[in-house]
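Here is my note on the model. Please keep the structure open while you read the points.

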Amino acid sequence: MAGPVRVFLVDDHAMFRTGVRTELAELADDRLVVVGEAGSVGEAVARLAVDPPDVVLLDVHMPDGGGRAVLEHLHERLPALVFLALSVSDAAEDVIAVIRAGARGYVTKTISGRELADAIVRVAGGDAVFSPRLAGFVLDAFSDRHGPAAVADPELDLLSPREREVLKLLARGYAYKEIAAQLFISVKTVETHVSSVLRKTQMSNRYELSRWATDRRLV
Amino acid sequence: MPGVGPGSGPAPHPPTSGRRAVPPPGTLLTPDGIPRLTRPRSGSILGGVAAGLAGHLRVPVLWVRLTFVLLAVMAGSGVLAYAMLWIFVPQRPDGAGGDPGAPRPAGPRERQQAFGIAAVGVAALLVAAALNITSIVGWVLGPLGLAALGAAFIWREADSARRARWRRTAAGIVGPSRGSVWRLAGGATLVVGGLSVFAVGQLDFTAVRSALIAVLLTLVGVAVITVPWWIRLVRDLGTERRARVREAERAEIAAHLHDSVLQTLALIQRQSGDGREVLRLARGQERELRTWLYGPTGYATASGSTAPGDAPAMLSAALALAAGEVEDTYAVAVAPVVVGDAPMGPAVGALVAAAREAMVNAAKHSGVGEISVYAEVEHGTADVFVRDRGRGFDVDAVAADRRGLVESIRGRMDRHGGRATVRSTPGEGTEIELTVPVASGDGGPPPAPPASADADTLQPSEGLPS
């Protein structure tokens, strides 16, 4: 990708937007540049549709539907736009909901500036960003404890053993290159596995999700 | 029936003497600041009138009851006074438990005493009736007496908070239990029957038949006419109740935030020089609030607010608790991730204890500020991985003299049929893997493909990311 990654912030807390902006600027990372910000769902949808950036840092909890509403408005229209959810909540239902709505990754607000910059660059390059916690949720969501009854499309809804293995190492706190070394595969292959997990997460049917959520008393 | 103190009728206001200098907390006050006469919620035999009066006047409750009985014999004025006080003296609100002298639950002895007094009163009444005052006794013990008894039943049943609701909506009459329904029905029968018998005895029924029919028709008419009004009343009540619930909820959240977050922020302001301490406070607070909001019994879940202090019943909760303790004690970040869950038992307890030990070791020796903890329950085993990216050590070199680390972890695991594996590379960090078998029935049916097969190929369905 030519030039720095253009980043857009969506968060209803002005203070937090300023904080992220400052922190990213202080890194003096020439791989990315913040090009704009929005404080509400409506503003974000309007501005993103006019001038799409490369990566949108998206808050999950906002009035008027939050990050999920932004995703639902824009994901179909602008499939090239990459969303990275940035939330203070790491509750399972939030994480899974925005990932299914089309976010390419999910990081929590306690992330360091350096890690955030890396995550932005990675999602801009087509990769998926999973925190260990997120990997845990996905494993849980796809675990075979529900039996085959709920799975309409097993090809889509089950993770391959290799993908599970990658996810487990992710959940244990391994970095991509450590996973690659552990499994004797290339980093690129690890990224392919993770991205395909993400795709399955986004596409697996809603029935399974609601069942999973009900089992966990989340809804 | 037990009687009344001062023979006068309703006396909601106490004597204005300065006998009660400082009212106990929770006491209802009149606008003038005088403690109100109230009936206690507990410790009552019938309606709590005597107990309330005794507490208010600071005399033994036995005297008050005796006075009521004495007055009852005097042409029934005691009964009347008791009934009036019962109706007009408010019951002490919930939570205002601090009564000056009375609020203990009525013991069997006191109950016995009260019934004894009542029996004496009835006997005296009968004796009086046998002697001369037949007309009054006939009046009291006759149909009207029965009616009064029925009314007393209903009032007793509908007493307390339910009575207030009953005044507003008819739905409140029906209490939750079967027994109360029967008591209510019996009371109603007594009231209606007593009054009817009284009416039949006193009046020439045929003469008033048309009048009665007219009255009945009028009542039915009024009921029909006021139906919309009733409906609106009930609906308004529902709305009001919902609003109250919301308000209470907001108040609870505000109170919780005040108790937790605001206090911590204040502490952080004062300790802002000490970065480690600030970090510790902020982490502890974040974890606490998160548990309150999203925990298994958290505020945002259906099961309502959590009861802190209980021992966790599940592996995930116990592990989170241990991680929190290590976080707080050693000012490191511990990020637990749990897949699946298992109920606590000896083996799982040992697993958590060993994992805690591993976290403590990592916090003490690794020299880094972050520890990853991953637990999974699958196919009849529970595994915990505790990992740091710290300085690491040579496992074989340590085993000889420093046995504490490995013993307290490995020994625990061995005793419960599990095992512990330590992987460490100097300069790259340490990972401790703990495994114990767990009883099935934890929600994870074993028949499933093995979690880690050695196939290094993509399945055909997996393509590149969209």
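1. Where does Asp59(A) lie? Asp59(A) sits in the loop between strand S3 (55-58) and helix H3 (66-74) of chain A. Helices (H or I, at least four residues) and strands (E, at least two) are DSSP runs, numbered from the N terminus.

2. This is a predicted model: local features need pLDDT of at least 70, side-chain atom pairs count only at pLDDT 80 or more, and totals for chains, interfaces and linings use all residues. Residues are numbered from 1 along each chain as its sequence is written, chains are lettered from A and ligands numbered from 1 in the order in which they are written, and side-chain values use heavy atoms, without hydrogens and water.

3. UniProt lists Asp59(A) for "modified residue: 4-aspartylphosphate" in an unreviewed entry. Such annotations may be inferred rather than shown by experiment. Asp59(A) is buried, with a relative accessible area of 4%. Buried means under 20% relative accessible area, exposed over 50%, partly exposed in between (1.4 Å probe, protein chains only).

4. Turn to helix H2 (residues 61-73) of chain B. Its buried residues are Val61(B), Val64(B), Arg65(B), Phe68(B), Val69(B), Leu71(B) and Ala72(B). Seen down the axis of H2(B), they fall within an arc of 165° (directions from the axis to the C-beta atoms), so they line one face of the helix. On the other side of H2(B), Trp63(B) and Leu70(B) are exposed.

5. Leu219(B) belongs to helix H9 (residues 205-225) of chain B. At 54% relative accessibility, Leu219(B) counts as exposed.

Technical notes. Expected span 1.5 Å × (residues − 1).
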